[in-house]
Amino acid sequence: MSKSFNETDCQILEEILRLRRDVRGNYFTDEPVSKALISHLIKAALYAPSVGYSQPWQFVVIRNESVKQQVYQSFKQANAVGSSLFLGDKKRDYKALKLEGILEAPVNIAIFYKPSKTPVLGQTSMKDMGRFSVVCAIQNLWLMARALNIGVGWVSIVDAQQVKQAVNADEDAELIGYLCIGYVKEFLDEPELKQKGWAEQKNSQDVVFFDSFPR
Ligand SMILES: Cc1cc2nc3c(=O)[nH]c(=O)nc-3n(C[C@H](O)[C@H](O)[C@H](O)COP(=O)(O)O)c2cc1C
C-alpha cells in the first residue's frame with residue numbers, strides 16, 4: 001500500500017523548505033562532517049527525479065585542501081570580474097558580501113551533469129532537461145542537509161573549466177553546482193540577501209498567473 005503522509009509531516013516539510021538557507025563561510029564551524037553524513041546527503045540527492053530516469057549526475061566529494069585552494073583561487077578571480085559589473089552602491093554592497101565558504105566548510109561537493117551518448121526519453125526536444133535533473137538532485141541534498149541541521153552554500157562564482165581541472169573531470173562532464181557543506185553557528189530565518197537589502201522578496205501576485213500572462 002502506498003504511504004500516506006499526515007498534516008504533521010506536511011508541516012515539517014514546509015518548515016524545512018522555509019528554513020533552508022544558503023550558508024557562507026562566516027557561518028560554518030570547523031566541526032568535522034562524517035562520511036556517513038555525506039552518504040546520507042548523497043542518498044537524498046539520488047532520490048531526485050530525472051528525465052527518462054537518466055540519473056545524469058556525478059558527485060565529487062572534496063576534502064583535500066589543495067583541491068579546495070584551486071577552487072578558491074577560481075572564485076577570487078571570478079568574483080573580481082563579478083564585482084566589477086556592479087556600479088555605485090551596488091558595487092559597495094557586493095564587496096561587503098561573503099559569497100562562498102570553500103575553505104571554511106569542511107566538505108565541498110562538486111556536482112556534474114554527465115550527458116548520455118544515446119537519446120534520453122523526455123530530453124529529445126528540450127535539451128537542458130538533464131541539467132535540470134541534476135539541479136533537482138542538488139535541491140534534494142540541500143533540503144536533507146537542513147533537516148539534519150547541516151549548512152549548504154552554493155558557489156557559482158567560479159570558472160567551471162578551472163573547477164573541472166581541479167577535480168580531474170571528464171571533458172564532457174558539465175559543472176552544475178559547487179556546494180560548501182558543514183555544521184553552522186546558526187541558520188538565519190530569512191535569506192541573507194533579503195535581510196541585507198540586496199533584493200526584496202517577490203509577492204506571489206507578481207509571479208503567478210492564471211491561464212495566460214496579463215497584457
Ligand atoms: C543556482 C544558485 C547559485 C547560487 N550561487 C551563489 C553564489 O555563488 N554565492 C552565494 O553567496 N550564494 C549563491 N546562491 C545562494 C543564493 O544567493 C540564495 O539561495 C538566495 O539569496 C536565497 O537565500 P536562501 O537560499 O538562504 O533562501 C546560489 C543559489 C542558487 C540556487
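**Exercise 1. Which residues are around the ligand, and how do they divide by class?**

Step 1. Take as near any residue whose C-beta atom, placed from the backbone, lies within 6 Å of the molecule. Around the ligand this gives Arg21, Asp22, Arg24, Leu99, Glu100, Trp154, Val155, Ser156, Ile157, Pro191 and Leu193.

Step 2. Sort them, with Ala, Val, Leu, Ile, Met, Phe, Trp, Tyr, Cys and Pro as nonpolar, Asp, Glu, Lys and Arg as charged, and the others, Gly among them, as polar. The shell has six nonpolar, one polar and four charged residues.

A word on the model: it is predicted, so local features need pLDDT of at least 70 and side-chain atom pairs count only at pLDDT 80 or more, while totals for chains, interfaces and linings use all residues. Numbering starts from 1 along each chain as its sequence is written.

**Exercise 2. Find how helices H1 and H5 cross, and what makes the contact.**

Step 1. Helices (H or I, at least four residues) and strands (E, at least two) are DSSP runs, numbered from the N terminus. Here H1 covers residues 7–19 and H5 residues 129–147.

Step 2. Contact requires C-beta atoms, placed from the backbone, within 7 Å. H1 brings Ile16, Leu17 and Leu19, and H5 brings Leu143, Arg146 and Ala147. By class, that is five nonpolar, no polar and one charged residues.

**Exercise 3. Where does lysine 98 sit, and is it buried or exposed?**

Step 1. Lysine 98 lies in the loop between helix H4 (88–96) and E2.

Step 2. Count other C-beta atoms, placed from the backbone, within 10 Å: 20 or more means buried, 12 or fewer exposed, and in between partly exposed. Lysine 98 has 12 such neighbours, so it counts as exposed.

Step 3. Leaving aside neighbours within four places in sequence, lysine 98 contacts Arg24, Gly25 and Asn26.

**Exercise 4. Which loops hold asparagine 149 and asparagine 168, and what is the phi of each?**

Step 1. Asparagine 149 is in the loop between H5 and strand E3 (151–154), and asparagine 168 in the loop between H6 and E4.

Step 2. Although not a glycine, asparagine 149 has a positive phi of about 60°. Asparagine 168 also has a positive phi, near 60°.

Step 3. Asparagine 149 is exposed, with 9 other C-beta atoms within 10 Å; asparagine 168 is exposed with 8.

Technical notes: Axes are lines fitted to C-alpha atoms, for helices over the stretch in contact, and angles run from 0 to 180 degrees between N-to-C directions. Two residues are in contact if their C-beta atoms, placed from the backbone, lie within 7 Å.
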